Structure formats: C-alpha cells, structure tokens
Amino acid sequence: MEKAIVKVEGLKKWFPLKTGFLQSLTGKTLNVRAVDGISLEIKKKEIFGLAGESGSGKTTTGKLIIRLIDPTKGKIYFEGKEITELKESEMKLLRRRMQIIFQDPYESLNPRMKVSDLIAEPLRVLGLSRGKETIEKVTEIMNAIGLTPPEEFLLRYPHELSGGQRQRVAVGRAFVVNPDFVVADEPVSMLDVSIRASILKIIISLVDTHDASFLYISHDLALSRHMCDRIGIMYLGKIMEKTASDRIVKEPLHPYTEELIKAVPLPDPTARRSADVLKGEIPSPVNPPSGCRFHTRCPKYIGDICKQKEPPITEVSKEHYVACHLYT
Amino acid sequence: MVVLNVQGLKTYYFTRRGPVRAVEEVNFQLEKGDGLGLAGESGCGKTTVALSLLKILPLGGRIVGGKILFKGEDIVPFSENKMRTEVRWGGISLIFQGAMNAFNPVYKVSDQIVEAIRTHEKDVNKKEALQRGRKLFEMVGMEPKRINNYPHEFSGGMKQRAMIAMALACNPDILIADEPGTALDVIVQAQVIRLMKQLKDKLGLGMIMIAHDLSMIAEVCDKLAIMYAGYLAEYGDIVKIFKEPMHPYTRDLIEAFPSITSEKHSLISIPGYPPDLLKPPSGCRFHPRCKYAMDICKKEQPPFAEISKDHYVACYLVGGK
C-alpha cells in the first residue's frame, strides 16, 4: 500500500458563535461544530473525495488540512510529520507543496491582475523562480491547462475570460509550483455541465504528471465517483462512510449514503423514481443531535441506541468504514 | 389542449455594438399538464425565451419576430396593461433563477405574496389573499404560519418552496422555472424536483423547465427542447430523444452527463465554447464545434425539420438537403 501523504486524527474545528450581552454574562459560549472529530488519510497519488450536503464540514476540512485555518483539536500530519503546531514561517516552506483551488473563479482571481501575473504570482511569492525561468514555467502550465496559444491569453484580465477559462487559470496557479498535494473545493460547480469534464480532465492529468495527491470536495456524487479513488461521506462534521468510490455507489452501507445516492437526479427519463426523498434539512451544527447525528432523519432508525450512543466508525469489510449502529 | 404555441420567436438585444441575436428561431408547443424542458449551455438564449414569453425583457431587448399564441391569442402585440391583467402571474408565471434572492428582504413573505395577488387580481381583498397564501404554503409542504416570516428566516430550500407558492398565487396555466435546482443541495434539490412534478400533475400545469442540467429535466418533463445559440437544435419527446438523439449537439450534451448508475468511464466534454451572439458563425451556428460539419453547414442554417412525428431536428446530417 502506498504511504499516506496527509493524515488527520480526531480533527475538530469549532467556530465560536457571537453571542448577545445577556448570554455573555452567563459565560456560556456556543460553538458551530463545523468539523467534529474526523480521522482520515490520503495516500500518495490518490484522489480522495469528500461528499455531503452543505454544512457538513467538507470545506472546513479542506482548509484545515492545508492549515489555512487552525484546528480546535486534533492532529494533522504531512508525510508523517506533524504540522498542526507549525508557525506560519515554518509553514511557508510547505506552502509550495500544498495548494488549493477554490470554488468560484469569479471571486478567487484578482480582477486587476493579468493572466500572466496571476499564474506567476505563486512563483514570485514563494521565491521559486525569476525572469526567464518564470516565463518558461508560466508558458508550460498555460499549455497544460489548455489556454493556448499562451500569447493570446497572457495579457488578458479575468473579465476578458469565460468562467471555464478563469477556472483553468485557478488550476494553473495551483499547479505551477509543482505541488505534492492539492485541495479543490467544488472546482466545477459554478460551470456549465458541458465544460465541467474538460476542467476535471485537466486536473486529473496534472495530478498525474506531478505525481500529486488530490482532495476533491464536492456535493456531486456522480462526478466524484468518476473522479476519485476513494470517497468519504460527511454529515454534520463527521465522516459517516468511507471506501472505494465504486463501492460507495454500488453497495452503500450507511443509510445517509443511500439517501444521498437516491437523491442524485438521473439523466434518463425512463428511470424516473417515485421513491421518497429524505425529508427535512440538515440540523444546526451548533447543537447537533445526540447519539448518531443522523438519527433525526434516518429512515432505518433502530431505536434508543441511535439516540443515545454515537456509533464509532468501524471497518465493516475490508477498507470499508461505516459509522452506524446497524453494523456494530 | 394546447395552451402555448410559440412560432418563429425572434428576440434581439439592441446594444451599441450592434444587435445581440439571442433568440433567432424558436418553435414549440405546450399542452395543459405537459412539461417541457429547455436545455442548453449558458448564453444560448434559454432565459431570453422565458423573458420574451412574459414580455419582461430588459432595456434594449425586443421581440422582433414570431408569434406567441397563449390560449390561441397572440400576445406579442399586447399592451403592458393587458399583459399584467391577462397574462402575467394569472396566465404565465415565472420562478426566476436564484430564487433565494428574489424575495425582498425587508418585507414579510406574506406581504409579498399578498401584493402579488392584489396587483394581478384587483377584486381580491387582503384577508382573502392572505388566506390563499396560507393554502399555497400548505400545498408546497410548508407550515402555513411560516408565511409571516421574513425571507432571511428561511433556509435555501424553504425559500425555493415559498417562491413556488408565490408563483402559483394567481392559479396560472403555465409555470416557467428558470434553473430551479441550481444553488440547492442534492437532497433539497431532489425534494424540489419531486414537488414540482407533483404540482404539475395535480394542478394540470403546463411547465417549462429551463436548465443546463439534463438530469433534472429528465426527472420532470415529457418533452425536451435543446437550444444552441438562439436556435432549437432538437425538439420532441424526451424518452425518444434520450434514446436516439439525432443532433450532434444533443448527443454531446447527453454524453457530458456522468450518470451515477452507469459504469465508470472517462468524462466527456464538448470542445470549444458557445459563440458570441454579436457575431454568430455563418450557417449552422454549431458548425465550428461539430465533428461532422460539412460544407453546407458553414453556409446555410439547416431547416427545423420534422423527421418523424413530433420530432424536430435542425441538422443537415438528418434532415437531408
């Protein structure tokens, strides 16, 4: 088995909620428990997917792993070395090796910078190259992301690009520094379906040529499945199920995973399902339900144990982890 | 019964750089209780079609040709006043894209629904309108008392439900939904899709669903119209089109959808970008991206031909010369 590039243990992130004057007197602070104790590892050269509804903590997990925000509890390892407590100056050495692609290319690119500057910026900030070498690297990555011929795009501003082209630039910025680990947070959800695949293909081929590992965060299970080697399903800050992407779709074990898969619309008018959809919405992460967090909506609720005891995540069959009392 | 018959609709936006030919030639029919999906990439004119049907085009936009027969009567020459009292809301109503932001944040939802009802039906008093609002809330699966909330007190899914309730306030014949699923979560999206399908069947609504997501259309609609750069590329029964897509663009669009149930395969995308409608390509507007483009495709727009009963395709590959 390949060695892990990234590993997290018991990772938690609680955001304190702003409270009113009266509540501040009682001394009780409320917390949004965005990520509430997760452990996972991403192997070298692996594409790992995190899926779940909004508010499940996927994005926060991504940001925690590359230390864009600091965890409340838990440990983060990069290539076996703990990086949880590293100072920003020490982190800077690792920044080249961990990159992130954000969701919205309309907001993640500085509108006053040209494409050439946008792509060269990481090289400059991290002091990786200068002068001619920078130009070579930028040109090379522009070919890789399909903005060709580069001369045509180098001097354009983001507003002169389409959504798909912008996201290509964002991908280029992440890969120009030759990273070992890249996080992408819903990189194609703002784009048209017809161009999603082309962006994802570019990402996959860049991950491949750079021998990088990749964390793909998305709520779209149909795409995740085609992209990823393994997928973790998150719900209210916890990982509910984790296994190979094909397996999670074909033999989901956790009732939440089953519901998520059932909810994905099928591009086939003859396969219309009348099956019931999960009712209600994800509960507030400020005060998550007791026991299993999913018990309030679970169609397979088996009794008090679900309400009282939190199911541990256990290996039910080889490499297939589930947190559900049905399997304990 | 045919409630809507659109013939040769042509809508341009007149800008300083010249006319943007957003809708060039669109033909379709909608029967009572039928669902029509209008699909295509961003910028192909889908929303412009919807805005044309209600004649609420932004400044510079104008219907320059064609007919929109609503219950047999052409509404293109209608005055603003006539549109308001006879067509909008009570006849055809629209759920805008990004419905989450379509409510006014400083008024209660109840006030907004009452206003909508009383603007379009002058003889209804406030109390009756509110009563109707509560019933609508119940119908879309929300607690009637929540109607007194402000929009920010709703989650995204609830806002979308409230928006649907509001669109149905004057008992329309046709409901147009512009990208009703975007910005919603998988599960909430599935709930909204089910709700729309239920309402369509229960109220006998004619529904036009605009989406770039074919899978959502596949869940609700009976007919499918594929739009590309202002033209309809293909139009017909949805099951038939999914089974045997005739236009190369339709085929590409369907293939670009990874299905969760199919075997894992490499992802497929359509190369290139949709054209700039200020300077659309000559001939068939899809020819620069088409694998099968022939000489004639570059010169002439293919006719929108009926290749079998109720199945129309605009392509020289299938229609013949």
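**From the interface to an enclosed helix**

In this predicted model, 34 residues of chain A are in contact with 36 residues of chain B. On the side of chain A that touches chain B, the elements that give two or more residues are α8 (193-209), α9 (221-227), α10 (245-250) and α11 (255-263) of chain A. Of these, α8(A) provides the largest share, seven residues. By residue class, this side of chain A divides into 18 nonpolar, seven polar and nine charged residues.

The C-alpha trace of chain A spans about 65 × 60 × 45 Å along its principal axes. For 328 residues, a compact globule would have a radius of gyration near 20 Å, and the 21 Å of chain A agrees with this. Of the 328 residues of chain A, 46% count as buried. Where contacts in chain A link residues at least 6 apart in sequence, 67% of them join residues at least 24 apart.

Within this chain, which residues of α2(A) are buried? They are Lys58(A), Thr60(A), Thr61(A), Gly62(A), Lys63(A), Leu64(A) and Ile65(A). A residue counts as buried here if 20 or more other C-beta atoms lie within 10 Å of its own. Because seven of the eight residues of helix α2 (residues 58-65) of chain A are buried, this helix is largely enclosed by the rest of the structure. After α2(A) comes Arg67(A), which has a positive phi, near 60 degrees.

Notes
Residues are numbered from 1 along each chain as its sequence is written. Chains are lettered from A and ligands numbered from 1 in the order in which they are written. This is a predicted model: local features need pLDDT of at least 70, side-chain atom pairs count only at pLDDT 80 or more; totals for chains, interfaces and linings use all residues. Two residues are in contact if their C-beta atoms, placed from the backbone, lie within 7 Å. Helices (H or I, at least four residues) and strands (E, at least two) are DSSP runs, numbered from the N terminus. Ala, Val, Leu, Ile, Met, Phe, Trp, Tyr, Cys and Pro count as nonpolar, Asp, Glu, Lys and Arg as charged, and the others, Gly among them, as polar. The radius of gyration is taken over C-alpha atoms; the globule rule is 2.2 Å times the number of residues to the power 0.38. A residue is buried if 20 or more other C-beta atoms lie within 10 Å of its own, exposed if 12 or fewer, and partly exposed in between; C-beta atoms are placed from the backbone.
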